[in-house]
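Below are some notes on the model, for checking against the coordinates.

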Amino acid sequence: MGKLGFRRSKKRGEVGKEGVDRAVLPLPQSSLAVSSSGTSPSIEDATQSAAGAATPDSCEKVHDNPRADRKRSWVWEHFEEYTDTKVIKVKGKEDIIQEFRRAKCIYCPKGAVGDYACDSYKNGTQGMIRHINNSCKYYPGRRVVDKNQKLLVGDKSKGNSLKAVAYNPDEVMQACVEMVVVDELPFSFVEKQGFRKFCYVMQPLFRVPCRKTLVKDFLKLYDRTKKKLKSDLAHYRVCLTTDTWTSVQNFNYMVLTAHFIDDEWVMHKRIINFCTIHNHSGNSIGMLIESCLIQWGITKVLTITVDNAAANKCALEFVRSKLNKRENSESILGGKFMHVRCTAHICNLIVGSGLKRLNRAVLAIRNAVKFVRSSASRLDSFKACVAKEQVPCKGLVVMDVPTRWNSTFLMLEAALKFKKAFGRMLEDADSGFAAYFKEPEEEYDEEGNVVPVKGNRNRVGPPTDEEWDKAEVFVQFLRVFYEVTLRVSASNHPTIHTTFHDVLSMETEINKLFIARELQTGSETEKVLIDMAGHMSSKFLKYYGCFKDLNPLVFMGLVLDPRFKLLNITHLLKKEGYDNDIVEAKAKELRDVLMSLYEAYAPKDAPVKKKEVLTSSSQSTVTSSDSRGRASILSDWRKVVSELDEQVVAHEVDKYLLDPLEYTNLGESDFPILLWWKLNGAKYPVLAAIAKDVMAVQVSTVASEAAFSTGGRVIDNFRSSLTPKSVEALICLQSWLRGNDISCIEDAPGIKETEFYEKCEKDHINSASSSVNSCPPPKPKGKDTSDEVVEVIEDESENSGSEDSETS
């Protein structure tokens with residue numbers, strides 16, 4: 001409420017009748033000299049003082065201006081002016097009397113509240129206005145907002161339906177903490193002026209916290225959420241992924257991520273640990289994992305997914321032994337299948353061995369792309385060449401990260417579309433493209449500074465036709481590995497049931513590079529590709545040779561897929577050229593693994609209860625030989641029936657394997673396998689329990705590596721003062737608040753974003769110009785209000801100036 005009680009006068013200098021009735025008579029603007037006896041001044045003294053007869057050393061001179069008595073602000077209807085007197089005693093001289101003009105709220109009781117200085121030359125009315133609008137608890141004209149009053153707002157989660165919401169300061173404070181954690185904002189964000197103004201405009205009742213209060217509430221929320229998550233994890237068997245990382249503080253961090261499927265068959269992942277580790281040795285990693293499991297009270301662990309570092313194998317052996325030595329150990333088959341290798345890491349090693357054979361071709365294309373993206377003028381020249389060659393592609397070339405082959409694949413794929421444009425730039429002498437490759441090669445350190453290169457060699461390039469041909473073949477080859485990496489890197493839905501197919505697709509793609517001798521032409525490109533295929537094949541056989549080192553749970557994921565089961569594995573092995581004996585042995589081995597899992601998951605009390613019932617019936621008391629013989633017959637038949645029932649339960653595996661396969665037109669990654677098991681769990685209860693845990697197994701450590709991307713943003717160079725405990729709380733709480741959606745979409749600068757903002761600016765300029773040219777400003781209707789507008793502006797300007805003087 002900005003203008004309570006505001007009344008406009010009809011014209012300048014004209015006062016309405018109502019204004020005269022409520023006019024406040026001004027007091028004399030004077031400083032009166034009073035004798036030391038303290039008697040009140042007479043009227044003559046007051047008149048003489050108002051005329052300026054008082055001496056400067058005995059009183060304070062107050063300006064006498066008729067405009068000072070004009071009270072044009074609406075707030076004077078709620079305040080009463082009075083004079084405050086202050087006596088200063090001076091030894092040997094006459095006392096100094098000072099008077100100050102003040103105003104008191106007519107609604108507030110006696111006291112300091114609602115009392116303001118009101119000298120027209122020193123003080124303004126903004127303090128009184130704020131008092132009436134916001135502070136005065138006794139003003140009857142302001143509408144008091146009840147904190148418990150509910151408002152109707154739209155609920156997007158329920159189709160924009162209306163629901164009643166009441167202001168709750170605790171909920172608003174928790175939402176503020178969650179905003180800072182989820183969006184990775186600094187704690188000092190709440191102290192910034194823009195955020196405080198936004199909160200005041202949105203909800204004036206909310207008191208924006210300071211940084212210290214925010215940190216305290218953040219730690220409280222972390223403890224509450226951790227306690228609840230700890231109780232939830234106690235009901236499920238978890239699959240873990242772990243990895244290590246070094247921050248800008250030179251601290252070694254280890255992350256531990258838990259994956260599980262709840263009773264509603266929804267997959268979850270939660271970061272449960274992000275703490276410092278002394279070194280990357282196997283014993284240190286193993287002891288830290290064990291400490292984290294004890295802290296969280298986790299006793300049921302199915303698998304731990306790690307990369308191929310030798311220290312990780314030692315660490316998992318340590319964890320396996322500690323879990324097996326616990327009383328009432330809940331390890332499945334003694335933790336035999338606990339170690340899972342990261343498929344994405346193995347794929348990276350295989351592709352890296354092939355990229356080394358195409359090093360020169362990749363360098364030449366990378367330098368060509370670097371030339372285009374190094375300046376705006378070069379980019380414009382490249383766009384001109386693209387337009388002349390009429391390249392149908394609308395995108396642009398992108399730079400890669402040399403240590404990440406998937407970004408190299410995207411760079412080569414984009415550059416191949418503009419092969420003709422690069423050729424035209426090479427022919428154009430004004431573009432400087434050819435001269436760029438005659439300059440010496442430059443190398444950069446970690447801080448981006450140029451490092452001198454020994455030998456002063458020129459840049460590699462420009463790419464030749466032969467190098468373009470190599471890149472084209474290699475891009476087609478890399479596409480399979482790129483898609484495999486994307487599939488196995490997913491962590492919000494099961495991936496283990498598609499991993500075996502991905503491994504076979506990589507092997508098939510490598511074999512395609514081998515060309516039969518009768519078809520070889522002896523070209524340089526052909527020799528390079530054959531050599532590359534040989535090195536990649538040897539690397540593949542090292543990790544997946546005869547599938548002996550592949551974790552059996554990877555096969556179990558495919559067996560528990562109702563579209564394939566065990567029949568698909570035998571079919572694929574025969575198609576790969578394995579003998580029937582090897583295929584049958586592998587099928588028997590996998591069935592035995594599934595039976596072992598079934599026995600581990602099957603309820604152990606059911607057979608005992610049946611035997612107890614049989615024993616009680618066989619030992620029943622009989623009174624005659626006939627009843628004894630009849631009881632023996634019934635007892636034998638009950639035993640047969642019991643054995644038949646046990647045989648049915650024990651062969652739930654055979655029932656599942658022999659049932660018809662599930663047929664669907666959906667893709668392999670689109671099939672809702674968790675939903676299928678949720679609907680068919682009653683038919684196969686024990687296998688459903690196995691599937692719930694097996695489908696949560698991760699075949700890559702990407703879920704844990706993604707936490708390091710968040711950690712790099714949380715503890716960057718500007719926030720490196722954060723303690724390891726605060727870092728762990730920030731990253732873990734962010735994972736818990738986001739739930740399944742833990743990936744962070746970053747607004748990376750690029751050509752598309754630049755073009756988007758340029759288009760927005762052009763649309764804004766066009767709309768603004770069209771509105772000015774076609775739509776003249778509306779004319780006011782009715783009587784002329786120019787005098788009223790001028791008067792309001794003068795009041796606001798005077799009040800603003802008075803406010804500044806009061807503040808100073």
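1. In which helix is the place of Val-473? Val-473 sits in helix H15, residues 465–488; helices (H or I, at least four residues) and strands (E, at least two) are DSSP runs, numbered from the N terminus. This is a predicted model, where local features need pLDDT of at least 70 and side-chain atom pairs count only at pLDDT 80 or more, while totals for chains, interfaces and linings use all residues. Residues are numbered from 1 along each chain as its sequence is written, and side-chain values use heavy atoms, with hydrogens and water left out.

2. The protein has 29 helices and 12 strands. Of its 808 residues, 39% count as buried (buried means under 20% relative accessible area, exposed over 50%, partly exposed in between, with a 1.4 Å probe and protein chains only). Among contacts (heavy atoms within 4.5 Å) between residues at least 6 apart in sequence, 69% join residues at least 24 apart.

3. Val-473 has a relative accessible area of 35% and is therefore partly exposed. Its C-alpha atom is separated by 8.6 Å from that of Leu-529, 56 residues away along the chain.

4. H15 packs with helix H16 (residues 496–512) at about 170°, the axes being 10 Å apart. Axes are lines fitted to C-alpha atoms, for helices over the stretch in contact, and angles run from 0 to 180 degrees between N-to-C directions. H15 and H16 are therefore roughly antiparallel (angles under 35 degrees count as roughly parallel, over 145 as roughly antiparallel, 65 to 115 as roughly perpendicular and the rest as oblique). On the H15 side the contact includes Phe-477, Val-480 and Phe-481, and on the H16 side it includes Ser-505, Met-506 and Ile-510. By class, the residues of this contact divide into 7 nonpolar, 2 polar and 3 charged (Ala, Val, Leu, Ile, Met, Phe, Trp, Tyr, Cys and Pro count as nonpolar, Asp, Glu, Lys and Arg as charged, and the others, Gly among them, as polar).

5. The largest nonpolar core has 109 residues, and Phe-382, Phe-422, Phe-481, Phe-500 and Trp-677 touch the most other members. H15 gives the most to this core, with 11 residues. Such a core is a set of buried Ala, Val, Leu, Ile, Met, Phe, Trp, Tyr and Cys residues joined through side-chain atoms within 4.5 Å. Beyond residues up to four places away in sequence, Phe-481 touches residues including Ile-350, Val-351, Trp-405 and Met-536.

6. Buried or exposed: which applies to Tyr-656? Tyr-656, in helix H23 (residues 652–658), is buried because its relative accessible area is 0%. Setting aside residues up to four places away in sequence, Tyr-656 touches Val-559, Pro-562, Trp-676 and Trp-677, among others. Val-559 is 97 residues from Tyr-656 in sequence and 10.0 Å away, C-alpha to C-alpha.

7. Thr-257 lies in strand E7 (residues 252–261) and counts as buried because its relative accessibility is 1%.
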